[in-house]
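Please read them with the coordinates open.

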Amino acid sequence: MKRLLALAAQALPSVIALAGALVVSGLIVWVSGHSPWLALSAVVEGAFGSADSLSEVCVKTCPLLLCGLAVAVSFRAGVWNIGVEGQLLLGALAMAALGRQVGPLPAAGALAFDLGAAALAGAAWAGIAAVLKLRRNVSEVISTIMLNFVALLFISYLVQGPLMETGGRYPQTDALADGLMLPRLFAGHRVHLGLVVAVLAAAALQFVLFRTVAGFEMRAAGANPQAARLAGINVDRRLLLALMLSGALAGLAGGIEVSGVTRRLYERFSPGWGFTGIAVGLLGRLSPAGVVVAALFFGALDAGSNAMQRVAGVSSVLVSVIQATVILFLVTLERARWFQPQAGPEA
Amino acid sequence: MAVLSVRGVSKRFGALQALAAVDLDFHAGEIHAVLGENGAGKSTLMHVLAGMLRPDGGTVLLDGHPVGFASPGAARAAGIGMVHQHFTLIEALTVAENLVLSLPGQTGWRFDRDATTAEAQALAAHVGLALSPGNQPVHTLPVGARQRLEILKALAGGGRVLILDEPTAVLTPAEVQHLFGMLRELRAQGRAIIFITHKLREVRAVADRVTIMRRGRVITTVGVDEISERGMAEQMVGEVLPPTRQTRHAPADTAEALSVDGIGVTDARGVAALTDVGFRVRAGEIFGIAGVDGNGQRELFEVLVGLRAPHAGHVSVGGRTLSTFSPRAAHHAGIGHIPPDRHREGLALTLSVAENFLLNRRVLDRFGRGGILQTAAARQLAARLTEQYAIQLASLDTPVQSLSGGNQQRVIVARELAERPRVLVTVNPTRGLDVHAARAVADALVAVAEGGCAIVLISTDLDEVLELADRLSVLARGRLSEPLEPPIDAERLGLLMAGAAG
């Protein structure tokens, strides 16, 4: 009972933010001359109406979940990784480039290897920002945002040049070799094994953050770097670890999306999962379990938005409005809630 | 008649009476030093004068008329300007642009660069401050020049009263001399200058009159010529009373737990912060380091806990010399610590109480063998410690920020003592605590010493040092005096605190 109450207290800001965001977007729908109720019921119907739509929700949830976890681990350590999008793209690139052939390993082994490479590529991309921060004191907010553009343009170049498909008709990579696609969980539905990987990643992150020394040290470094340093924690090394771990989760998201859904890498591969991941992470209160719920929510919103557009005539862009309002509400609530005890008057 | 007066001004922050019915007068053409320890109420009083705080009671009189400033801007427009210890300049802007922000009249949409530069130069010339307003951004200026710019800003509203809050803390000795020259010039122009400090030597060097404050009250206001540095030190720290508790019988024949030799530290300005500091502490002994804040206390703490590597000297624990200076090495050598600021350095406020018990390398290593946190065992320890130290809390899972100050401090004390350190370094351990909580922390320290731990008590609260320490030295201007043993000679102590003798 006590635990349940504590959980409720933790989730409260998210619930308020969500309710606020829904009210605001409902108002926008109403002002634009549509029925909020119709829109809402269309979203719900579109997301949960059938087995197939449920499967689509899961497909959308998968990258959001991994990106939300990426945000959670770095934000917990006080590292503001805004570059999840770019790290995701690098992971997708690694998967798409390596996965064109199966290679010497058995297919399952090759798939695992390539996904590992995707995670490493994301970690390495985040590592650039980490090194800049630790060596040159460059704010990771700036460097990770900028590296997003670098990744985007780099991939744009690759898919139109060196990695363009054989035959060269479209700016995209060759399709993955057959054995390298993640198996589907249910025949006839697109939901794939990647969802299981993502949920396992959430469980693993929960363990790392709350049951390992390194995880505690990351959280301590995030909560108060000075106290952590004085406690004998190597704060720099923990920041580096958190950022690379974050990049690895993002890279894995990209790799899984290629081998689970798209089979190829192309321009505009990501609709902004890395950015939505920030909303997912914050809405999930930076806790892995919370992130699972938040990712599911945004996944359902995403999957249901097409139905909303079709049935209620409300543009699916409204989803972005909801995401943005959630973040604004949460950030505002944080300010009000995380009341830092005042240091005594400087007399 | 006084330019600026305060009558019966009081200000309270929560439980702390920061100002208690203060009466003071400041005169034109006079440099008036306000002297006191940290927490004596100097800054609070100045913030009231400069319109940054509203007093709970009492009045501020300008030329004999009561005034109530709604904002620092209103105070400045009335001619009262303040130079803060931490500069309030915009570093990316030029000198002239910074000045504009303080000048009255620059409103509207258009920014006339030439006119404002001319105005800035005129102001600088009028005040007699050599300043090259040019188009240099402020961040390229040396600290001394930035301070001159701050002074200029403070004078922009006419500058009848200029308040300087510990202006010398950031300056090199040469810059201090320059500042003093400038202040004398401003005095000659008939301005009233209020100079806040806790450095006695500076009072003597530049002030005409001095007001000594202690615990929110004005103790005395006298001409600088009528009081010695020792007299000032005594007034500042209060009467040296014999310890209120029976001095413990410190074991005289125990092993030496900590020895510190020839420590030298240079601060960011290149000024020596510690010079040849050395002392020894035996197991079971409480060694006090008294002195006025800002005389090297922070640096000494940082060296002892491994945050800072000295350029000279070494630290040994139990006969073993520390080869590296890092918090990890210090913990492993057996040095625990109670940092001076529990919120800034002692606790991670948003983490739970149970987790805050882990913020110590040795505790963390004990429960983290193989990299996996033994959370159940760690909780057991946390539960045992909360009971042993009578820490009041709802649950071990509540964020430590929800605890009262006294309970937070007990969390730190309990944690640092959990691994039975050979040495405990503590800075102002009871500062900001209510009497009851302070008593509990003090009792805990004595109990720890009796358990065989060597305690280094660095404190600017003389009562605290006198009550707890078996022996004490005084840190003044980065040098440590020879240890004094009880009974402490009050006169000699005052002399040492004033830095008049070595």
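**Notes on the model**

1. Start with chain B. Of its contacts with a separation of 6 or more, 70% are between residues 24 or more positions apart. Two residues are in contact if their C-beta atoms, placed from the backbone, lie within 7 Å. In chain A the corresponding share, for contacts with a separation of 6 or more, is 79%.

2. A word on provenance. This is a predicted model, in which local features need pLDDT of at least 70 and side-chain atom pairs count only at pLDDT 80 or more, while totals for chains, interfaces and linings use all residues. Residues are numbered from 1 along each chain as its sequence is written, and chains are lettered from A and ligands numbered from 1 in the order in which they are written.

3. Secondary structure. Chain A has 13 helices and zero strands. Its pattern along the sequence is α-α-α-α-α-α-α-α-α-α-α-α-α. Chain B has 18 helices and 20 strands. Helices (H or I, at least four residues) and strands (E, at least two) are DSSP runs, numbered from the N terminus.

4. Overall dimensions. Along the principal axes, the C-alpha trace of chain A spans about 75 × 55 × 40 Å. The C-alpha atoms of chain B fill a box of roughly 70 × 50 × 45 Å.

5. Burial. In chain A, 50% of the 347 residues are buried. In chain B, buried residues make up 46% of the 502. A residue is buried if 20 or more other C-beta atoms lie within 10 Å of its own, exposed if 12 or fewer, and partly exposed in between; C-beta atoms are placed from the backbone.

6. Helix H4 of chain A. This helix covers residues 84-98, 15 residues in total. From first C-alpha to last it reaches 21 Å, close to the 21 Å expected at 1.5 Å a residue. The expected span is 1.5 Å times one less than the number of residues. H4(A) is largely enclosed by the rest of the structure, because 14 of its 15 residues are buried.

7. A helix pair in chain A. Helix H7 (residues 194-211) packs against helix H12 (residues 288-312) at an angle of about 155°, with the axes 8 Å apart. H7(A) is therefore roughly antiparallel to H12(A). H7(A) contributes A:Val199, A:Ala202, A:Leu205 and A:Gln206 to the contact, and H12(A) contributes A:Pro288, A:Ala289, A:Val291 and A:Val292. By class, the contact has seven nonpolar, one polar and no charged residues. On terms: axes are lines fitted to C-alpha atoms, for helices over the stretch in contact, and angles run from 0 to 180 degrees between N-to-C directions. Angles under 35 degrees count as roughly parallel, over 145 as roughly antiparallel, 65 to 115 as roughly perpendicular and the rest as oblique.

8. Another residue of H12. A:Val311 is found in helix H12 of chain A. A:Val311 is partly exposed, with 16 other C-beta atoms within 10 Å.

9. The interface. In all, 25 residues of chain A are in contact with 38 residues of chain B. On the side of chain A, helices H8 (213-223) and H9 (225-230) are the elements that give two or more residues. H8(A) supplies the largest share, six residues. By class, this side of chain A has 15 nonpolar, six polar and four charged residues. Ala, Val, Leu, Ile, Met, Phe, Trp, Tyr, Cys and Pro count as nonpolar, Asp, Glu, Lys and Arg as charged, and the others, Gly among them, as polar.

10. Backbone points to check in chain B. Which phi value does B:Asp276 have? Phi is near 50°, a positive value in a residue other than glycine. B:Asp276 sits in strand E12 (residues 272-282). B:Asp276 counts as partly exposed, with 14 C-beta neighbours inside 10 Å. B:Arg477 also has a positive phi, near 50°. B:Arg477 lies in the loop between strands E19 (471-476) and E20 (479-480).
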